[in-house]
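Me: Hi! Could you go through this model with me? I'd like to ask a few quick things as they come up.

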2 protein chains.
Amino acid sequence: MGDVRVSHAELLRFAVAVFSTTGMSEADSKTVADVLLWANERGVDSHGVIRIPIYLKEIKDELYKPTGKPVIRQLLPATFQLDCNRAPGPVCMMQAAARAIELATTYGIGMGLVSNPTHLGALGRYAQWVAERGYAAMMFIAGLPLMSYHGAKGANSATSPIAVGIPAPGPEGAPLLLDMATGVASAGRIRQAALEGSMLPEGLAIDADGHPTTDPKKAATVLPLGGPKGSGLSLVFECLAGILAGSPIIVPRVAKGTTKAPIQNAMVMVFNVASFRAMDDYRRDVEDLVATVKDLPRRDGFDELLVPGERGDREVKRRRANGIPLPEGLYTELDKIATEYKVEPLKAL
Amino acid sequence: MGDVRVSHAELLRFAVAVFSTTGMSEADSKTVADVLLWANERGVDSHGVIRIPIYLKEIKDELYKPTGKPVIRQLLPATFQLDCNRAPGPVCMMQAAARAIELATTYGIGMGLVSNPTHLGALGRYAQWVAERGYAAMMFIAGLPLMSYHGAKGANSATSPIAVGIPAPGPEGAPLLLDMATGVASAGRIRQAALEGSMLPEGLAIDADGHPTTDPKKAATVLPLGGPKGSGLSLVFECLAGILAGSPIIVPRVAKGTTKAPIQNAMVMVFNVASFRAMDDYRRDVEDLVATVKDLPRRDGFDELLVPGERGDREVKRRRANGIPLPEGLYTELDKIATEYKVEPLKAL
């Protein structure tokens with residue numbers, strides 16, 4: 001099957017139109033669509049418009065509240081909690097990021113917990129958004145059990161990502177942006193390999209009995225990054241983002257089999273860089289660091305060295321020029337959605 | 001060579017006596033000695049009393065100021081910077097941790113940068129200390145270039161650790177404590193294997209030409225945890241802890257060859273758990289999570305599953321009962337120091 005290429009504007013038009021039919025406000029529909037397209041443009045297609053059918057099903061199942069509004073609870077002065085009650089995840093995260101910037105402006109740092117939203121989308125979106133505004137961001141998610149805890153078999157630990165945005169440009173002009181899972185790979189990597197008919201790299205996955213496998217059809221769960229390190233990070237993220245918000249995921253789902261427990265929680269931290277140093281000096285030192293790294297002597301097999309976010313930034317330029325490639329199966333699925341939800345079908349380039 | 005066992009009290013007595021001869025105050029000598037012994041008791045001997053000869057040499061070379069006092073600069077209300085000017089690292093970190101707790105008590109979160117101290121010792125010590133006081137901690141270091149950036153050869157990236165302390169008990173009764181390097185292993189792992197005459201695991205190190213090796217005599221640098229993930233974390237820690245404090249390490253040392261640049265910087269964050277939820281509820285949920293993890297079905301070859309900090313907590317109990325083992329070479333070296341610094345020699349058990 002070939003790919004179908006669609007422009008950013010057309011995909012945005014389509015996603016906003018579809019979400020709007022569910023009762024979601026136009027502003028919120030744009031926020032959700034924006035995060036999906038941000039991921040598609042960066043080549044992180046697992047977090048792109050492939051999620052539209054999933055979100056629509058969750059809305060039908062009343063697990064996703066398209067008209068939900070997160071409620072902010074100011075706690076001690078530099079902190080808050082956003083109680084989301086299954087409101088659209090990206091709407092919650094943008095509100096939390098904006099609020100954390102306000103607090104950081106006054107207090108030097110601002111921190112918020114985002115509890116019980118729907119799927120948050122690509123975490124890097126929010127860290128980049130903060131960095132574009134001249135602040136640094138560190139965010140992490142406490143997510144669903146899709147990984148095996150170090151030494152365990154079965155799905156019992158989350159590949160919870162961490163994202164860090166730095167308000168200084170990488171080589172492509174966008175802020176430096178680290179966005180990584182605490183698993184060797186994200187859980188979607190197995191499904192993707194199965195669809196493509198390719199094998200998995202060694203050390204990525206185990207089967208249901210806990211034996212290492214490179215066959216995506218036998219693979220049941222991904223392994224944690226660096227064994228106890230990845231599962232340790234995942235566990236403390238559950239303690240800091242989930243349990244701290246009174247919104248645990250692992251115990252209700254793994255120990256009690258509750259499928260209605262939260263699917264994600266997040267911690268958002270924003271640092272007021274300019275309250276520590278002059279921004280120009282900060283930017284210059286980060287730019288020097290980037291230049292130093294790019295210029296390091298390379299190992300055989302490496303044509304160049306990349307800094308965090310650089311690969312994605314390049315893909316954005318390519319996909320803005322050439323359109324966003326969608327697998328034919330997904331394009332067909334979105335076409336059926338157009339019919340079902342009575343919106344104008346997605347036009348290919 | 002066999003090991004010599006020494007009691008905690010005797011090692012503490014010795015370390016405090018030695019540091020005191022350099023002009024370091026008794027209180028500061030105790031703080032530095034405490035951090036070294038904390039590491040020894042947990043089995044992290046690379047960060048234990050093996051550092052005494054190194055610190056003494058740095059003091060002679062005027063790279064370590066035994067009478068130095070860190071200066072605190074309050075910035076916006078929830079943040080501060082501790083300018084250390086090579087004052088003893090553990091003294092700086094304990095002061096930063098205490099100040100961050102004070103700020104978190106008022107603001108919900110407290111954050112401080114610790115710039116240009118001497119060696120900080122085991123980062124986990126400070127995260128545990130915070131957690132013992134009912135707060136959660138996240139700390140990371142921006143350290144010396146001892147690792148190869150992903151795709152690079154040579155020493156140009158730090159194995160900068162991150163530590164997270166959770167104010168709820170693990171199975172041994174001490175707070176949950178994650179303390180991990182962003183390298184596959186710490187840089188000291190190569191030296192240790194060379195001393196022991198053992199081979200390194202695959203994927204841990206490369207030689208000076210950038211080729212993978214398991215021979216500790218050929219190994220030049222450790223590799224980053226998970227390739228771009230570990231070197232990405234290390235890079236953003238340099239941006240957040242080092243450059244934010246106006247105290248960069250990588251560019252001056254790697255690009256400019258300056259050996260007098262800072263050796264470490266740290267970011268310390270403390271979270272006021274009780275301002276988010278009732279402590280009892282928080283503790284109960286973490287305890288449930290720990291119990292769930294301990295009880296997961298195991299893969300072949302795993303007799304049990306460990307949570308962050310558990311292995312170290314057990315070693316503490318063993319070493320408190322049986323004494324701390326020191327390699328004979330180190331014991332001899334400390335004996336020579338006793339003579340040189342005119343302190344009572346270290347008595348073995």
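Me: What is the bridge partner of A:Ile206 in E10(A)?
Reply: That's A:Thr221. One thing to keep in mind is that this is a predicted model.

Me: And over how many bridges do strand E8 and E10(A) pair?
Reply: Strand E8 (residues 205-207) of chain A pairs with E10(A) over 3 bridges, in the antiparallel sense.

Me: What's the strand order in that sheet?
Reply: The order is E9-E8-E10 (chain A), an open sheet of 3 strands with antiparallel pairing. Strand E9 (212-213) and strand E10 (219-222) of chain A are at the edges with a single partner strand each, so one side of each has no neighbour in the sheet.

Me: Okay, switching to domains. How is chain A divided?
Reply: Into domain 1 (1-67 + 309-349) and domain 2 (71-183 + 224-306) of chain A. Their centres, taken over C-alpha atoms, are separated by 23 Å.

Me: How many residues does each one put into the contact?
Reply: Domain 1 of chain A puts in 21 residues and domain 2 of chain A puts in 19 residues. On the domain 1 side, helix H2 (26-41) and helix H10 (310-322) of chain A each supply at least two residues. H2(A) gives the most to that side, with 7 residues.

Me: Now the two chains. How many residues are in contact?
Reply: It's 68 residues of chain A with 68 residues of chain B.

Me: Which element of chain A gives the most there?
Reply: H7(A) does, with 9 residues on the side that touches chain B. By class, that side of chain A has 45 nonpolar, 14 polar and 9 charged residues.

Me: Last topic: helices H2 and H4 of chain B. At what angle do they pack?
Reply: Helix H2 (residues 26-42) and helix H4 (residues 89-107) of chain B pack at about 90°, and their axes are 8 Å apart. Roughly perpendicular means 65 to 115 degrees, and H2(B) and H4(B) are therefore roughly perpendicular to each other.

Me: Which residues meet there?
Reply: From H2(B) you have B:Asp28, B:Thr31, B:Val32 and B:Val35, and they meet B:Pro90, B:Val91 and B:Met94 in H4(B). By class, the contact of H2(B) with H4(B) has 5 nonpolar, 1 polar and 1 charged residues.

How values were computed
Residues numbered from 1 in each chain as written. Chains lettered and ligands numbered in written order. Predicted model: local features only at pLDDT ≥ 70, side-chain atom pairs only at ≥ 80, totals over all residues. Axes fitted to C-alpha atoms, helices over the stretch in contact; angles between N-to-C directions. Helix = DSSP H or I, 4+ residues; strand = E, 2+ residues; numbered from the N terminus. Parallel < 35°, antiparallel > 145°, perpendicular 65-115°, else oblique. Contact = placed C-beta atoms within 7 Å. Nonpolar A, V, L, I, M, F, W, Y, C, P; charged D, E, K, R; others polar. Pairing = 2+ DSSP bridges. Domains from an automatic or database assignment.
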